[in-house]
Amino acid sequence: MPLHERDAAVGVRHAPRMYPPELQPMIQDTLHTLANIDFEHETDVTRLIESSMSPALKASVMQKLVARHRERREPYVQLLTSLRAQVTQVTRSMASEAA
């Protein structure tokens with residue numbers, strides 16, 4: 001049984017993750033873009049695997065697909081890392097103001 005199902009079974013509740021309102025739309029958009037990139041990559045890989053290409057050609061195309069996927073994701077991963085750092089700063093700032 002997955003952890004979240006066990007938690008629900010024993011009545012454990014997790015607070016939803018909340019982001020500062022000024023950052024939440026950008027975080028959501030970035031995550032959405034990454035999900036789209038990943039979905040497109042998985043679709044391309046599935047098509048390639050199911051294709052009638054020779055194994056050698058498939059291997060070459062697969063390398064290109066993986067490289068393209070990595071290149072497309074990288075700027076969004078960097079942006080998400082930056083946004084998470086900003087969330088940490090805002091959260092720490094709010095915590096110190098409340099203390």
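**Figure 1. Overview of the chain.** The secondary structure of this chain comes to three helices and zero strands, where helices (H or I, at least four residues) and strands (E, at least two) are DSSP runs numbered from the N terminus. Read along the sequence, the pattern is α-α-α. This is a predicted model, in which local features need pLDDT of at least 70 and side-chain atom pairs count only at pLDDT 80 or more, while totals for chains, interfaces and linings use all residues. Residues are numbered from 1 along each chain as its sequence is written, and side-chain values use heavy atoms, with hydrogens and water left out. The mean pLDDT, the predictor's confidence in each residue on a scale from 0 to 100, is 86 for the chain, and 82% of the residues reach 70 or more. Confidence is lowest in helix 1 (residues 3-9), with a mean of 54, and highest in helix 2 (residues 24-50), at 97.

**Figure 2. Surface and contacts of the whole chain.** The accessible surface of the chain comes to about 7,800 Å², and 58% of this area belongs to carbon and sulfur atoms; the areas come from the Shrake-Rupley method with a 1.4 Å probe, and for residues only the protein chains shown count as cover. Of the 99 residues, 17% count as buried, a term that means under 20% relative accessible area, with exposed meaning over 50% and partly exposed the range in between (1.4 Å probe, protein chains only). Among contacts with a separation of 6 or more, 72% are accounted for by residues 24 or more positions apart, a contact being heavy atoms within 4.5 Å.

**Figure 3. The salt bridge between Arg 72 and Glu 40.** A salt bridge is a side-chain nitrogen of Lys or Arg within 4 Å of a carboxyl oxygen of Asp or Glu, and by this rule the count comes to four. In one of them, Arg 72 pairs with Glu 40, and their closest N and O atoms are 3.0 Å apart. This pair links distant parts of the chain, since Arg 72 belongs to helix 3 (residues 55-98) and Glu 40 to helix 2, 32 residues apart. Arg 72 is partly exposed at 31% relative accessibility, and Glu 40 is also partly exposed, with a relative accessible area of 37%.

Figure 4. The side chains of Arg 47 and Asp 44 meet in a salt bridge of 3.5 Å, N to O. Because these two residues are three residues apart in helix 2, about one helical turn separates Arg 47 from Asp 44. Arg 47 counts as exposed at 54% relative accessibility, whereas Asp 44 is buried, with a relative accessible area of 19%. Asp 44 also forms a salt bridge with Arg 68, the closest N and O atoms being 2.6 Å apart. Asp 44 lies in helix 2 and Arg 68 in helix 3, so this pair ties together parts that are 24 residues apart in sequence. Arg 68 is partly exposed, with a relative accessible area of 39%, and salt bridges that share partners join Asp 44, Arg 47 and Arg 68 into one network.

Figure 5. Thr 30 is found in helix 2 and is buried, with a relative accessible area of 4%. Leaving aside neighbours within four places in sequence, Thr 30 is in contact with Tyr 76, Leu 79, Leu 80 and Leu 83. Val 77 lies in helix 3 and is partly exposed, with a relative accessible area of 29%. Although Val 77 and Leu 34 are 43 residues apart in sequence, their C-alpha atoms are 7.9 Å apart in space.
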